[in-house]
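This report goes through selected geometric features of one protein model. The sequence and structure come before the details.

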Amino acid sequence: MHRNKLIDLLARYRERHPEESTPTITRFERLVASQPRCFERDCFDDGHVTGSAVVLNLAGTAMLMTHHAKLGRWLQLGGHADGEPDPLVVACREAAEESCLAVRPCCTSPLDLDIHAIPARGGDPRHFHYDVRFLLQVESSEAFKRTPESLALAWVPLEDVEAVTREESILRLARKALAFQRGG
């Protein structure tokens, strides 16, 4: 079954992070178990899976953030699965597409899980993104290129992300990336 890899990732995430919000993990598991089309961007009734990432610079001290063109907010890089059942593949693909950087995973396990509402836009109704978030790092160059999906891109020191956004899910990502870098 194409959903087995994500079901396994979610189970391992639950085991490694017992202190985290069980309702979020439970909602994820419920979506993936009940919705065969959960990797398709037009799966609006229950929402759909996305993949995103904290992309670290070479020193591991700053994350690349995008001023998202459609949402008008500073966010991590990422996007729709478009049928791809491996969220790590999605996160790597989207990070590379949105920045023109070569990236590699720091770890194959998710750094974070988040479920967030996306407002209605165009023909798409309001819906939820079930975002599986990973920690990536550039392979050699930090010279990104802005694509039409972004109004701007910027390297933001992990300790200064709060100067760019007050959005808790992004601040949580920065905290987790810092903890990972410090071996925690």
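## Basis and a buried proline

P110 sits in the loop between β5 and β6; helices (H or I, at least four residues) and strands (E, at least two) are DSSP runs, numbered from the N terminus. P110 counts as buried because its relative accessibility is 5%. The classes are buried for under 20% relative accessible area, exposed for over 50%, and partly exposed in between, with a 1.4 Å probe and protein chains only. Between the C-alpha atoms of P110 and I170, which are 60 residues apart along the chain, the separation is 15 Å.

The model is predicted, so local features need pLDDT of at least 70 and side-chain atom pairs count only at pLDDT 80 or more, while totals for chains, interfaces and linings use all residues. Residues are numbered from 1 along each chain as its sequence is written, and side-chain values use heavy atoms, with hydrogens and water left out.

## Largest pocket

The largest pocket holds about 750 Å³ of space. Grid points are joined across faces, edges and corners, and the volume is the space filled by probe spheres set on the points.

The lining consists of 37 residues, of which H68, K70, L71, H80 and H129 are the closest to the centre of the pocket. At least two lining residues come from each of the strands β1 (48-56), β2 (62-68), β4 (77-80), β6 (112-118) and β7 (127-138), and likewise from each of the helices α3 (87-99) and α4 (168-181). By class the lining has 14 polar, 13 charged and ten nonpolar residues. Here Ala, Val, Leu, Ile, Met, Phe, Trp, Tyr, Cys and Pro count as nonpolar, Asp, Glu, Lys and Arg as charged, and the others, Gly among them, as polar.

## Helices α1 and α2

Helix α1 (residues 4-16) and α2 have axes that come within 10 Å and cross at roughly 165 degrees. The axes are lines fitted to C-alpha atoms over the stretch in contact, with angles running from 0 to 180 degrees between N-to-C directions.

T26 belongs to helix α2 (residues 22-34) and is partly exposed, with 27% relative accessibility. Its C-alpha atom is 9.2 Å from that of R14, twelve residues apart along the chain.

## Positive phi in loops

Most residues other than glycine have a negative phi. D82, in the loop between β4 and α3, has a positive phi near 50 degrees. C100, in the loop between α3 and β5 (103-105), also has a positive phi, of about 60 degrees. Both residues are partly exposed: D82 has 40% relative accessibility and C100 has 46%.

## Two further loop residues

D42 is located in the loop between α2 and β1 and counts as partly exposed at 45% relative accessibility.

S140 is located in the loop between β7 and β8 (150-157) and counts as exposed at 55% relative accessibility. S140 and N57 are 83 residues apart along the chain, and their C-alpha atoms are separated by 9.0 Å.

Note on methods
1 Å grid on protein atoms, 1.4 Å probe; cavity = no way out; pocket = protein on both sides within 12 Å on 5 of 7 lines; lining within 4 Å.
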